[in-house]
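Q: I would like to learn how to read a structure model step by step, with the general idea given before each particular case. Could we go through one together?

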Amino acid sequence: MPNYSFTDPDLPDGSVINSGNFTQANPNTEIMVGKTLTINGGNFVNVKAQPGWTINGGNWVQVSRCSHLHPKLLEKGLITECPTECSHMINKDEIYIDGELMDTMYTYNDIVVKNGYDILR
Ligand SMILES: [Zn+2]
């Protein structure tokens, strides 16, 4: 299964895609713009469906990724750095000893922006 993740692959017009990894870092990323494609399967996480594509399958979930959970994507400049208390924060635990704040523990989750099922016909 070819891995085209985080790139804009130059596939020939009229290609039929049955599998492969086309995952992008951020929701609604446009790749292969202007191509006529038939997509029967594959990983299209965060890819924005284009008008010239016939889509019969695949994983089209759109996910907002937290830089606290994906340091490698951040390092590569693929996602932007989140503030400490970002929109992905689901819990904050303050640790007190003798009434003094010693530490703060944060819990983060990636956010599913769109489940992607509405892309499939
Ligand atoms: Zn975040």
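The dialogue below takes up the overall layout, then the sheet, the hairpin, the core and some single residues.

Q: What should I know about numbering and about the origin of the coordinates before I start?
A: Residues are numbered from 1 along each chain as its sequence is written. This is a predicted model, in which local features need pLDDT of at least 70 and side-chain atom pairs count only at pLDDT 80 or more, while totals for chains, interfaces and linings use all residues.

Q: How many helices and strands are there, and in which pattern do they follow one another?
A: Helices (H or I, at least four residues) and strands (E, at least two) are DSSP runs, numbered from the N terminus. In the protein chain there are one helix and seven strands, and read along the sequence they give the pattern β-β-β-β-α-β-β-β.

Q: What share of the residues is buried, and what share of the contacts joins residues at least 24 apart?
A: A residue is buried if 20 or more other C-beta atoms lie within 10 Å of its own, exposed if 12 or fewer, and partly exposed in between, with C-beta atoms placed from the backbone. By that count, buried residues make up 14% of the 121 residues in the protein chain. Two residues are in contact if their C-beta atoms, placed from the backbone, lie within 7 Å; among contacts between residues at least 6 apart in sequence, 28% join residues at least 24 apart.

Q: In what order do the strands of the open sheet lie, and is the pairing parallel or antiparallel?
A: Two strands pair if DSSP finds at least two bridges between them. The open sheet here has three strands in the order β1-β2-β3, with parallel pairing, and its edge strands are β1 (16-17) and β3 (53-55), each of which pairs on one side only. Strand β2 (residues 37-39) is joined to β3 by three bridges, and Ile39 has Ile55 in β3 as its bridge partner.

Q: How many bridges join β5 to β6, and how many residues lie between them in the hairpin?
A: Eight bridges join β5 to strand β6 (residues 100-108), and the two run antiparallel. They form a hairpin with two residues between them, and Asp98 in the turn has a positive phi of about 50°. Along the pairing, Lys92 stands opposite Tyr106 and Asp93 stands opposite Met105.

Q: Which residues make up the largest nonpolar core?
A: A nonpolar core is a set of buried Ala, Val, Leu, Ile, Met, Phe, Trp, Tyr and Cys residues joined through C-beta atoms within 7 Å. The largest one has six residues in all, namely Phe22, Phe44, Val45, Val47, Trp60 and Ile119. Leaving aside neighbours within four places in sequence, Trp60 is in contact with Phe44, Ala49, Gly116 and Ile119.

Q: Where are Asn28 and Met32 found, and is each buried or exposed?
A: Both Asn28 and Met32 are in the loop between β1 and β2. Phi is near 60° for Asn28, a positive value in a residue other than glycine, and near 50° for Met32, again positive and not in a glycine. Asn28 counts as exposed with 12 C-beta neighbours inside 10 Å, whereas Met32 counts as buried with 21.
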